[in-house]
Amino acid sequence: MVFHIETERLILRELRLTDLDGMFELDSDPEVHKYLGNKPVKTKAESQKILQSVLNQYEERGIGRWAEIEKVSGEFIGWSGIRLNTEYNMNGYAKYYDVGYRFIKRYWGKGYATESGRAAVNYAFNTLNLSELYATTEINNQASHKALLKIGLSYIEDFYFEAEDLQLRWYNIKNEN
């Protein structure tokens, strides 16, 4: 899969095996995983499995998370984008498209979640012609909550996700086109 979207400050492209170091930096940080069940990876082999899973999603589903590259530095700063979830039954949904993002800590607070999230919603509705998107955040993750609202999603309800023992918030946006 070759994928490329540019926003004002970001390049969104397909994840590649060469993103392994960035993925490891991202997912090995306990603070990044504070609202994700507190299970940071401990080895690059674990990050390699995550990366390979996304590459498989590209092949099997035609969509998966995208690498985020900061234009000014050329650095891998995290991932974002659309994913077809089939792994989890989330709040009663077993197959749905969701929008999400995750950033290396030094890139927090710069508005990148909002910027990339808006590009992802636009792509979902105007390129993929999806009728709706969903998202989740951990109930105490206020930064992610605010970003999802800024990109146009509506908060629906709180729910308990038993598989990961997490209290989550559920969001939705419908394609009005």
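**Notes on the predicted model**

1. Strand β5 is largely enclosed by the rest of the structure, because seven of its eight residues are buried. The strand comprises residues 96-103, and the model discussed here is a predicted one. Strands β4 and β5 run antiparallel and are joined by eight bridges. Within this pairing, N85 has Y96 of β5 as its bridge partner.

2. The largest nonpolar core contains 44 residues. Among the residues with the most contacts inside this core are W66, I82, V99, L133 and L153. Helix α3, residues 112-126, supplies the largest share of the core, namely eight residues. A second, separate core has eight residues, including Y96, F159, L166 and L168.

3. The surroundings of V99 deserve a separate entry. Neighbours within four places in sequence being left aside, V99 is in contact with residues that include R65, I82, G117, A120, L133, Y134, L148 and L153. V99 is also listed with L15, W66 and L148 among the residues with the most contacts inside the largest core.

4. Helix α1 spans residues 20-27, and its buried residues are L20, G22, M23, L26 and D27. These residues lie on the same side of α1, because they cover an arc of only 160° around the axis. The packing partners of the buried α1 residues are α2 (44-61), β4 and β5.

5. Of the charged pairs, the structure holds 15 salt bridges. One of them joins E6 and K71, with the closest N and O atoms 3.1 Å apart. E6 belongs to strand β1 (residues 4-6) and K71 to the loop between β3 (66-70) and β4 (76-85), so this pair ties together parts that are 65 residues apart in sequence. Both partners are partly exposed: the relative accessible area of E6 is 47%, and that of K71 is 35%.

6. R83 takes part in a salt bridge with E87, at 2.8 Å from N to O. R83 is buried, with a relative accessible area of 14%, whereas E87 is partly exposed at 39%. R83 also forms a salt bridge with D98, where the closest N and O atoms are 3.9 Å apart. This second pair links strand β4, which holds R83, to strand β5, which holds D98, the two residues being 15 apart. R83 and D98 are both buried. Through shared partners, salt bridges join R61, R65, R83, E87 and D98 into one network.

7. The aromatic pairs number 12. The pair of Y93 and Y134 is tilted, because the ring centres are 4.8 Å apart and the planes stand at 45°. Y93 lies in the loop between β4 and β5, and Y134 in strand β6 (residues 132-138), 41 residues apart. Y93 is partly exposed, at 32% relative accessibility, while Y134 is buried at 7%.

8. F159 and W170 make an edge-to-face aromatic pair, with 5.7 Å between centres and 90° between planes. F159 is in strand β7 (residues 154-161) and W170 in strand β8 (residues 166-174), 11 residues apart. Both F159 and W170 are buried. One aromatic cluster is formed by Y93, Y96, Y134, F159 and W170.

Note on methods. Residues numbered from 1 in each chain as written. Predicted model: local features only at pLDDT ≥ 70, side-chain atom pairs only at ≥ 80, totals over all residues. Heavy atoms only, no water. Core = buried A, V, L, I, M, F, W, Y, C linked by side-chain atoms within 4.5 Å. Buried < 20%, exposed > 50% of the residue type's maximum accessible area, 1.4 Å probe, protein only. Helix = DSSP H or I, 4+ residues; strand = E, 2+ residues; numbered from the N terminus. Contact = heavy atoms within 4.5 Å. Salt bridge = Lys/Arg side-chain N within 4 Å of Asp/Glu carboxyl O. Arc of directions from axis to C-beta. Pairing = 2+ DSSP bridges. Phe/Tyr/Trp six-rings, centres within 6.5 Å; stacked < 30°, edge-to-face > 60°.
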